[in-house]
Amino acid sequence: TSLLIDEGAAEYDALQLNNELEKLGTISSINVNHDTFTFSLLSLKEYFERSLELLSKIILEPRFEEKDFGREKKRMLDKILQLKDEPSYIAASAFEKQLFGSAPYSFPEIGYESSASQIVNNDVINFYKNKFIQSNFSVIIVGNIEKEEAIELLNKYLGKLNSSSLVKNDFVIRSEKRKRIFFVDKKESAQSEIRIGNLIKLRDSEDYYAARIMNTILGGQFSSRINLNLREKRGLTYGAGSSLNYYRSAGYFEISTAVNIKNTEEAVSELLNEINLIRHKINDDEIDFAKSYLIKQFPSKFETYSQVARNISPLIVHNLPLDYYHKYEDAIAKVTKEEIHKAAIDYVLPDESIILVVGDKSIVQPQLFSLFGKELIELDIYGEEVK
């Protein structure tokens, strides 16, 4: 639907619609993830109303023509085929498959070849009518425009949309309370893709700031413990890091890196050491540096209109207070050492972690066996257990 919805709308076919936007100098894009379907427009003030009118045609009157469907479906299937050969994609999708189990987040956003190939144009049309147009819509406008003018224009062009408050998804994600070690065979690969992580609390949790500081120390910036160890000290990788990742109804902690396949055992061992170390000791100077880093980089997130709009979006998706960014720097500064240490204990869970490696089985399996013994589980490229 995201690939098709702007391929012609109302009186314009795909080429005409693109030409209308180009005449205005307006840049438009559509992005989709597990939680949101986002339209973005960047327009000159004097052409904003016309740009909004065209956007309303895309949202309210898409054509969904068969010829466009055939072209976009082929593009999507070609992309899926390309991704099947990308070790980093295989690692990411297999990791989430095991992390989320049967929950919808366990499936890759682009889909599988087997299911995507069966989609017909009527499926898209029915999804649009029954799901998309019935969804919860929010609008973010950044620029030289007063609130009253914005409301008037939105009512004029998008007033037909019915929007209600966002709701959490109605599925439950259950984590297995044990360490699990997986590998995916990628024959003749020169590198191993490594992922280690576990489920964490949701984005609106009160200890988010403490967790953010903790992760910055562990792997959230260039001079983090993980990168200094694997890249600077041992020369195992061009880069390694950790992140806190959030969907609307789930969150997860993840360490990711790629190393020479012969160094897989050493890299995994060192990453596990860093996980255990962060849970036991965090120095004052590390905390001061992490706080300074997070506070000093904060203004750079709001340098353009697009950045401002992009950073407002999480307030809606994760139900955060509208004054969140006004309090951000002060909230970071006030976090105590004890709170950061507790976040390390609560967010980094070695006994519940998923450890996943993608690489040539003949080289990777013996190294992992040396570390973990017979606990190894082989997965296919879709993250399903190989029987």
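The largest cavity of this predicted model is lined by Ile80, Leu83, Lys84, Tyr89, Ile90, Ser93, Pro108, Gly111, Tyr112, Glu113, Ile381 and Tyr382. Its volume is about 90 Å³. Helix 4, which gives the most to this lining, also lies across several strands, among them strand 4. The points below treat the cavities, the sheet and a pair of helices in turn.

**Cavities**

- The count of cavities of 30 Å³ or more comes to two.
- In the lining of the largest cavity, eight residues are nonpolar, two are polar and two are charged.
- Helix 3 (66-83) and helix 4 are the elements that give two or more residues to the lining of the largest cavity; the contribution of helix 4 is three residues.
- The second largest cavity has a volume of about 60 Å³.
- Around the second largest cavity stand Asp6, Ser28, Ser29, Ile30, Phe39, Ser40, Leu41, Leu55 and Ile58.
- Sorted by class, the lining of the second largest cavity has five nonpolar residues, three polar residues and one charged residue.

- Six strands form an open sheet with mixed pairing, in the order 5-6-4-7-3-8.
- Strand 5 (240-246) and strand 8 (376-379) are the edge strands, each pairing on one side only.
- On average, neighbouring strands of this sheet are turned by 20° against each other, direction ignored.
- Within the sheet, strand 4 (residues 191-200) and strand 6 (residues 251-260) are paired in the antiparallel sense, over ten bridges.
- Gly197 has Glu254, in strand 6, as its bridge partner.
- Helix 4 (residues 87-100) lies across strand 3 (180-185), strand 4, strand 6, strand 7 (354-359) and strand 8. The helix runs at about 30° to strand 4.

**Helix 2 and helix 7**

- Two packed helices are described by the angle between their axes and the distance between the axes.
- For helix 2 (residues 48-60) and helix 7 (residues 147-158), the axes come within 9 Å and cross at roughly 35°.
- The crossing of helix 2 with helix 7 is right-handed.
- From helix 2, the residues in this contact are Phe48, Glu49, Leu52, Glu53, Ser56, Ile59 and Leu60. They meet Leu153, Leu154, Lys156, Tyr157 and Leu158 in helix 7.
- The residues of the contact of helix 2 with helix 7 comprise eight nonpolar, one polar and three charged.

Technical notes. Residues numbered from 1 in each chain as written. Predicted model: local features only at pLDDT ≥ 70, side-chain atom pairs only at ≥ 80, totals over all residues. Heavy atoms only, no water. Axes fitted to C-alpha atoms, helices over the stretch in contact; angles between N-to-C directions. Helix = DSSP H or I, 4+ residues; strand = E, 2+ residues; numbered from the N terminus. Left-handed = near helix turned anticlockwise from the far one by under 90°. Contact = heavy atoms within 4.5 Å. Nonpolar A, V, L, I, M, F, W, Y, C, P; charged D, E, K, R; others polar. Pairing = 2+ DSSP bridges. 1 Å grid on protein atoms, 1.4 Å probe; cavity = no way out; pocket = protein on both sides within 12 Å on 5 of 7 lines; lining within 4 Å. Points joined across faces, edges and corners; volume = space filled by probe spheres on them.
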